[in-house]
Amino acid sequence: MMDFGLHIANFVFYAFHTGLIFFNLFGWLHPRMRKLNLISLLVTFGSWLLLGFWKGWGYCFLTDWHYQVLRLLGERDLPSSYIAFLIEKISGWLPNAELVDSLTVSLALLALLCSFWVNFRNRKVKEKSV
């Protein structure tokens with residue numbers, strides 16, 4: 001029965017974590033999701049930087065929890081990056097860790113800048129119209 005629960009947890013982590021990555025990258029595009037996207041990005045960067053201060057820079061608690069489940073299911077030699085893990089699972093190719101980390105941080109920073117822009121640009125537009 002425990003294996004069944006671990007497989008369910010594994011599926012939930014795949015779905016939620018992957019969905020969250022896409023939401024972080026593109027959630028700022030949808031007007032109703034912009035505030036939630038900004039909060040999600042700030043939590044993500046908080047995990048990477050604040051928790052990373054103690055656990056190692058770039059630390060993601062979702063990755064840590066998912067990897068705990070995967071280890072219990074027998075997975076070994078998991079890459080430090082969840083993005084690299086997904087790429088390897090989908091394609092069978094494990095990309096260079098530095099490349100993945102650089103692209104991950106660059107795209108996340110770009111998404112954060114876009115999220116700030118659309119969230120605070122709209123406030124200025126609303127203030128001018130009042």
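Analyst: **Aromatic rings and their setting**

Of the 130 residues of the chain, 33% count as buried, a term that here means under 20% relative accessible area, with exposed meaning over 50% and partly exposed lying in between (1.4 Å probe, protein chains only). The model is predicted, so local features need pLDDT of at least 70 and side-chain atom pairs count only at pLDDT 80 or more, whereas totals for chains, interfaces and linings use all residues. Residues are numbered from 1 along each chain as its sequence is written, and side-chain values use heavy atoms, with hydrogens and water left out.

The chain holds five helices and zero strands (DSSP runs, H or I of at least four residues for helices and E of at least two for strands, numbered from the N terminus), and its C-alpha atoms fill a box of roughly 60 × 35 × 30 Å along the principal axes. Among contacts (heavy atoms within 4.5 Å) between residues at least 6 apart in sequence, 54% join residues at least 24 apart.

Within this chain, a search of the whole structure finds nine aromatic pairs, where rings of Phe, Tyr and Trp (its six-membered ring) pair if their centres lie within 6.5 Å, and planes under 30 degrees apart count as stacked, over 60 as edge-to-face and the rest as tilted. One of them joins F53 and W57, whose ring centres lie 6.0 Å apart and whose planes stand at 65 degrees, so that this pair is edge-to-face; both F53 and W57 are exposed. Another aromatic pair, Y82 with F85, is tilted, at 5.5 Å centre to centre and 40 degrees between the planes. Y82 and F85 are about one helical turn apart, because three residues separate them in helix α4 (residues 82-91). Y82 is buried because its relative accessible area is 5%, and F85 also counts as buried, at 1% relative accessibility. Y82 and F85 belong, together with Y14 and Y67, to one aromatic cluster.

The side chain of N37 reaches the backbone oxygen of N24 at 3.4 Å, and, leaving aside neighbours within four places in sequence, N37 is in contact with F23, N24, G27, W28 and S115.

Definitions and conventions: Polar contact = N/O pair within 3.5 Å; in protein donor to acceptor, adjacent residues only side chain to side chain.
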